[in-house]
Amino acid sequence: MTTENDTKPAGALNVRTAFLVVQHENGEWEAVSDLSKPVTAERAPTVLEMKFGASEVVSDIEASKQAAITAHQLMAMTAQMQQAAQHQALADRLKI
């Protein structure tokens, strides 16, 4: 990958940002942002593979976002439950 200060190779595309969607030998799809890594593909992708690979990457991103939201909600609920338990313990001690 070249940056603004690098010399651009002949025929280089002028783009704002770039990443690759690759399918590993085990069938897993991945978005790769490190364009300095060499990539050796067995063959050119079909249109259906490009569509499916892009869809899989988007799906994984959405699943990661949802998991982060769920984890945040669980942490907030845990904190609320701990606070409620502390208040109940204090209330129980005051009822002596």
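The protein chain contains 1 helix and 2 strands, where helices (H or I, at least four residues) and strands (E, at least two) are DSSP runs numbered from the N terminus. The structure is a predicted model, in which local features need a pLDDT of at least 70 and side-chain atom pairs count only at pLDDT 80 or more, while totals for chains, interfaces and linings use all residues. Residues are numbered from 1 along each chain as its sequence is written, and side-chain values use heavy atoms, with hydrogens and water left out.

The pLDDT, the predictor's confidence in each residue on a scale from 0 to 100, averages 90 over the protein chain, and 92% of the residues score at least 70. Confidence is lowest in H1, with a mean of 93, and highest in S1, at 96.

Along the sequence, the elements of the protein chain follow the pattern β-β-α. The C-alpha trace spans about 85 × 35 × 20 Å along its principal axes. The radius of gyration, taken over C-alpha atoms, is 25 Å, whereas a compact globule of 96 residues would have a value near 12 Å; the globule rule is 2.2 Å times the number of residues to the power 0.38. The protein chain exposes about 8800 Å², of which carbon and sulfur atoms supply 58%; accessible areas come from the Shrake-Rupley method with a 1.4 Å probe, and for residues only the protein chains shown count as cover.

Strands S1 (20-23) and S2 (29-32) pair in the antiparallel sense over 4 bridges; two strands pair if DSSP finds at least two bridges between them. Leu20 has Val32 in S2 as its bridge partner, and Val22 stands opposite Glu30 in S2. The two strands form a hairpin with 5 residues between them, and Gly27 in the turn has a positive phi of about 95 degrees.

The buried residues of H1 are Glu49, Gly53 and Val57, and their cover includes strands S1 and S2.

Glu49, located in helix H1, has a relative accessible area of 18% and is therefore buried. Apart from neighbours within four places in sequence, Glu49 is in contact (heavy atoms within 4.5 Å) with Gln23, Trp29, Arg43 and Ala44. Glu49 and Gln23 are 26 residues apart in sequence, and their C-alpha atoms are 9.0 Å apart in space. Among contacts in the protein chain between residues at least 6 apart in sequence, 31% join residues at least 24 apart.

Terms used
Buried means under 20% relative accessible area, exposed over 50%, partly exposed in between (1.4 Å probe, protein chains only).
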